[in-house]
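Let's take a friendly walk through a protein together. Have a look at the sequence and the 3D picture, and then read on.

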Amino acid sequence: MKANAKSAALVILAIVTLGAGWSHVRKPPELDAHRHTRQIIMRYTFSRVENPIIVLGDSITEASTLPRSLCDHALVNAGLDGASTASDLGTWLMGALDGKRAAAILIALGTNDALQGRTREEFESDYRSLLAQLNAATDRLAVLGIPAVEVGGRMPPQYQAETMERIRAFNAALPAVAGKGGATFAALPPMPAPHTIDGVHLDAAGYAVWDAAVLKGVSGACSRS
């Protein structure tokens with residue numbers, strides 16, 4: 001097999017592995033079941049709190065250990081493994097809220113878009129649609145920058161370089177996307193090296209930076225409560 005063909009095969013394998021939740025390939029019914037279960041759990045949570053601060057994201061969000069509350073608001077983890085800007089998270093979250101409003105919603109997406117090879121145009125379009133939908137649920141929207149991926153685990157060097165090229169393009173677009181969508185942009189400071197357990201998912205050092213950026217990004221809900 002020629003070098004180019006080997007490289008293409010490696011990238012395709014990585015996309016299949018990484019795009020389906022990273023840890024292992026999961027069949028669509030299982031993904032649907034997890035999505036449904038997470039929505040039910042969040043609906044139970046929202047039923048007993050008022051004006052929550054919500055962090056909406058992918059597996060990086062779902063695996064985080066953010067505090068349960070912030071400035072007298074419940075802080076709700078609305079992470080969904082494998083989610084991207086194309087995952088219709090607006091409908092998913094609005095269904096869980098069931099008509100309630102949030103004090104603030106911070107969106108932390110983009111890693112899976114980059115892993116799946118989506119274009120900047122696709123990413124921007126879907127992000128704008130998500131922001132427009134979420135504007136109906138809160139007066140305070142924030143958009144978080146996307147963390148870097150590293151070589152390691154199932155992230156080979158070439159795929160890491162290609163994914164980082166997309167992440168840099170997405171991060172460059174996010175401030176304008178946020179501004180046009182009525183959101184603030186929460187920059188993500190540079191991560192230490194290393195900052196992941198597998199090339200993508202954050203380790204303790206990575207979460208120290210990520211958590212601080214998230215809390216800063218939603219702090220507006222505290223000053224204007």
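## A tour of the model

Thr 61 is found in helix H3, which spans residues 59–62. Helices here are DSSP runs of H or I with at least four residues, strands are runs of E with at least two, and both are numbered from the N terminus. Before we go further, note that this is a predicted model, where local features need pLDDT of at least 70, side-chain atom pairs count only at pLDDT 80 or more, and totals for chains, interfaces and linings use all residues. Residues are numbered from 1 along each chain as its sequence is written, and side-chain values use heavy atoms, with hydrogens and water left out.

Is Thr 61 buried or exposed? With a relative accessible area of 0%, Thr 61 is buried. Buried means under 20% relative accessible area, exposed means over 50%, and partly exposed lies in between (1.4 Å probe, protein chains only). Setting aside residues up to four places away in sequence, Thr 61 touches Val 55, Leu 56, Asn 77, Ala 78, Gly 79, Ala 108 and Trp 210. A contact means heavy atoms within 4.5 Å.

**The whole protein.** There are 9 helices and 6 strands. Of the 225 residues, 51% count as buried. Among contacts between residues at least 6 apart in sequence, 73% join residues at least 24 apart.

**The cores.** In soluble globular proteins, nonpolar side chains tend to be buried together. A nonpolar core is a set of buried Ala, Val, Leu, Ile, Met, Phe, Trp, Tyr and Cys residues joined through side-chain atoms within 4.5 Å. The largest one here has 41 residues, and Phe 46, Ile 54, Leu 56, Leu 93, Ile 105 and Ile 107 touch the most other members. Helix H7 (residues 157–180) gives this core its largest share, 7 residues. A second, separate core of 23 residues includes Ala 186, Tyr 207, Trp 210 and Val 218. Back at Phe 46, its contacts beyond four places in sequence are Pro 52, Ile 54, Val 76, Leu 93, Ala 96, Leu 97 and Lys 100.

**The disulfide.** A disulfide is a covalent bond between the sulfur atoms of two cysteines. In this model, a disulfide is counted when a pair of cysteine sulfur atoms lies within 2.5 Å. The whole structure holds 1 disulfide, and Cys 71 and Cys 222 are its partners, with an S to S distance of 1.9 Å. Cys 71 sits in the loop between strand S2 (69–70) and strand S3 (73–79) and Cys 222 in helix H9 (residues 220–223), so the pair ties together parts that are 151 residues apart in sequence. The torsion about the S-S bond is about -75°, so this disulfide is left-handed. Cys 71 is partly exposed at 30% relative accessibility, and Cys 222 is partly exposed at 27%.

**Salt bridges.** A salt bridge is a side-chain nitrogen of Lys or Arg within 4 Å of a carboxyl oxygen of Asp or Glu. The structure holds 8 of them, including these:

| Salt bridge | N to O distance |
|---|---|
| Arg 118 and Asp 126 | 2.5 Å |
| Glu 124 and Arg 120 | 2.8 Å |
| Glu 124 and Arg 128 | 3.6 Å |

Salt bridges that share partners join Asp 113, Arg 118 and Asp 126 into one network. Arg 118 is buried, with a relative accessible area of 14%, whereas Asp 126 is partly exposed at 22%. Glu 124 and Arg 120 are 4 residues apart in helix H6 (residues 120–134), which means that about one helical turn separates them.
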